[in-house]
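Subject: Structure handover and notes

Dear colleague,

I am passing on the structure that follows, together with notes on what was found in it. Please read the notes with the coordinates open beside them.

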Amino acid sequence: MPFKALWVTETENGTFERTIVERLIDDLPAGEIVIRVHYSSLNYKDALSATGNKGITRAFPHTPGIDAAGVVEISRNEQFAVGDEVLVTGYDLGMNTCGGYGQYIRVPASWVVKKPESFSLKECMAIGTAGFTAANALYKMELMRMRPDAGPIVVTGATGGVGSMAISILAKAGYEVIAISGKSNAQEYVQHLGAARLETREFVNDTSKKSLLKPQWAGAIDTVGGNTLVTLLKGCQPEGCVVCTGLVASPKLDATVYPFILNGVNLLGVGSAGTPMEVRVTIWEKLATEWNIKDKIPAIAKEVTLDELNNTYFDNILQGKIMGRIVVNLNNL
Ligand SMILES: NC(=O)c1ccc[n+]([C@@H]2O[C@H](COP(=O)([O-])OP(=O)(O)OC[C@H]3O[C@@H](n4cnc5c(N)ncnc54)[C@H](OP(=O)(O)O)[C@@H]3O)[C@@H](O)[C@H]2O)c1
């Protein structure tokens, strides 16, 4: 059966072109579950794949989209029945497996999560990999005994996808949040999500060459990397947790060991794509209950068509211009 999908091709001179084409389910990779995708979302990685970054997607032509939510259309696995509402985030979806920017995906059953009852398919994609990553970060911090009374938690890239979700989830869980943003108009937005205060990017960009700073936060969820991550480690209070989730400024970490060996600071990592299924299910359960930020989704998420995504939003996210999350509607194409 034909369906519509975004199709990224590499030209002979090494540039990349994107068009919306008709594809066939038979042409999708092997897998036990065929899902009719209703919604996908935009993540930083999707924009890299859509613009031909071979660190993300080795082979083109390709359909990006690391997130997908929809309805099971064909199942060769007894855990899933035709008609089940499900979601897939990460694994190889949208990387080298045709992803959520197509109206159908075919994936292994081991990648599929049943949709939590309290969310619609669209809300699942408003959360998507970004929300799952933010929740994963808090989950790891709490495994290290982080609690709201430990002190404030810094969130960098505060108006981006992971940042917006991190602020909302931390606030919902009772934490005091210091939001860091480079956008001058971010105050009202981050406050609405639950941040106690907003600071500029300079607040976490120490250039003093000191090995340690006065402890100012109990932890951080960082999307920026580079000197921001170094500063977050230097200024973290003893036994605090800094979670590295991203690299929008830099993949480098030019740090000393002093925060670790003198202050016992924990540097944690989140790699959402490969999160084991039992942890995934636990995190989605938390998102659906104690960390449920459904009431914040209307302020965070904007719905776009596949056409709009293709024409505008890949460039916007790569330039750090997005506020919140972009949900892609794959219906009625
Ligand atoms: N580890 C994982 O599993 C995982 C999962 C999802 C995403 N990520 C990574 O996390 C990062 C954020 O992803 P996202 O989807 O949230 O992207 P996003 O929506 O584009 O958000 C990134 C935000 O970072 C800030 N920013 C951009 N450029 C910056 C710079 N040069 N210096 C300081 N801040 C800058 C901007 O926020 P302000 O304007 O508010 O400062 C921007 O909105 C990416 O590196 C992505 O690859 C990792």
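Predicted model: local features only at pLDDT ≥ 70, side-chain atom pairs only at ≥ 80, totals over all residues.

Residues are numbered from 1 along each chain as its sequence is written, and side-chain values use heavy atoms, with hydrogens and water left out.

Val34 stands opposite Ile74 in E4 and opposite Arg106 in E6. Strand E3 (residues 33-41) has 8 of its 9 residues buried, so it is largely enclosed by the rest of the structure; buried means under 20% relative accessible area, exposed over 50%, and partly exposed in between (1.4 Å probe, protein chains only).

There is also an open sheet of 6 strands with parallel pairing, in the order E10-E9-E8-E11-E12-E13. Its edges are strand E10 (197-199) and strand E13 (266-269), each of which has a single partner strand, so one side of each is left without a neighbour in the sheet. Neighbouring strands of this sheet are turned by 20 degrees against each other on average, direction ignored, where axes are lines fitted to C-alpha atoms, for helices over the stretch in contact, and angles run from 0 to 180 degrees between N-to-C directions. Strand E9 (residues 177-180) pairs with E10 in the parallel sense over 3 bridges, and Ala179 has Leu198 in E10 as its bridge partner. H2 packs on the sheet and touches strand E8 (153-155), strand E11 (217-222), strand E12 (236-244) and E13, its direction making about 145 degrees with that of E11; contact means heavy atoms within 4.5 Å. Helix H5 (residues 226-234) likewise packs on the sheet, touching E8, E11, E12 and E13, and its direction makes about 155 degrees with that of E12.

The axes of helix H2 (residues 121-143) and helix H7 (residues 277-288) come within 10 Å and cross at roughly 105 degrees. That makes H2 roughly perpendicular to H7, given that angles under 35 degrees count as roughly parallel, over 145 as roughly antiparallel, 65 to 115 as roughly perpendicular and the rest as oblique. Among the residues that make the contact are Phe132 and Tyr139 of H2 and Ile283 and Trp284 of H7.

Ala50, found in helix H1 (residues 44-50), is buried, with a relative accessible area of 1%. Leaving aside its neighbours within four places in sequence, Ala50 is in contact with Val8, Arg18, Pro64 and Phe314.

For the chain as a whole, there are 9 helices and 15 strands, and 55% of the 333 residues count as buried.

With best regards

Terms used: Helix = DSSP H or I, 4+ residues; strand = E, 2+ residues; numbered from the N terminus. Pairing = 2+ DSSP bridges.
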